[in-house]
Amino acid sequence: MSTTPVNASTNSLPAASPTDNSINSLSADQFLKLMITELQNQDPTNPEKNSEIMQQVSSISQITASNKLSTTLNGVALGQSIASAGAMIGKNINGLTADGKTVNGVVSSVTVTGTTPVLNVGTDAVPLTNVKDILAT
């Protein structure tokens, strides 16, 4: 069965790079648009079989479920990181700032920058991932 690429003149999809040929790189909306375009342009004398269409619909469900699971796991990981960082308030640490400056001192508070908890030590900010030692006080 021949397929017609979707371009700027027909409900554009972002162009994939030559190395990005995975179906998992498509969002569910993009995949649905692609499937509808494929159905609209199929050969009427040799239409796609129902089992093939159901397989594609199943793929949409799998992509959506995978995206939801990834979002949930990222949220859980961030929550655990924030809890770990919060437990360091009042602790003496050794670590590095984002620009590589060595910092030794007591954690006074925690902030979240993007998805990274940052420990505030005096006037310095140490990303949680840059903590080298947690010292006894």
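Reply: Thr 97 has a relative accessibility of 7% and therefore counts as buried; here buried means under 20% relative accessible area, exposed means over 50%, and partly exposed lies in between, with a 1.4 Å probe and protein chains only. The model is a predicted one, in which local features need pLDDT of at least 70 and side-chain atom pairs count only at pLDDT 80 or more, while totals for chains, interfaces and linings use all residues. Residues are numbered from 1 along each chain as its sequence is written, and side-chain values use heavy atoms, with hydrogens and water left out.

Thr 97 is found in the loop between strand 1 (92-96) and strand 2. Strands are DSSP runs of E with at least two residues, helices are runs of H or I with at least four, and both are numbered from the N terminus. The side chain of Thr 97 is joined to that of Asp 99 by a polar contact of 2.3 Å. A polar contact is a pair of N or O atoms within 3.5 Å; within protein, one must be able to donate a hydrogen and the other to accept it, and residues adjacent in sequence count only if both atoms are side-chain atoms. Setting aside residues up to four places away in sequence, Thr 97 touches Val 103, Asp 124, Ala 125, Pro 127 and Asn 130, where contact means heavy atoms within 4.5 Å.

One of these partners, Pro 127, lies in strand 4 (residues 124-127). Pro 127 and Thr 97 are 30 residues apart in sequence, yet their C-alpha atoms are 6.6 Å apart in space. Pro 127 is buried because its relative accessible area is 13%. Beyond four places in sequence, the residues that Pro 127 touches include Leu 96, Ala 98, Thr 116, Pro 117 and Val 118.

Another partner of Thr 97, Val 103, belongs to the largest nonpolar core, which has ten residues in all, among them Leu 119 and Val 126. Strand 2 (102-113) and strand 3 are the elements that give two or more residues to this core. A nonpolar core is a set of buried Ala, Val, Leu, Ile, Met, Phe, Trp, Tyr and Cys residues joined through side-chain atoms within 4.5 Å.

Ala 125, also touched by Thr 97, is in contact with Leu 119 and with Asn 120. Asn 120 is placed in strand 3 (residues 116-121), and its relative accessibility of 16% is why Asn 120 counts as buried.
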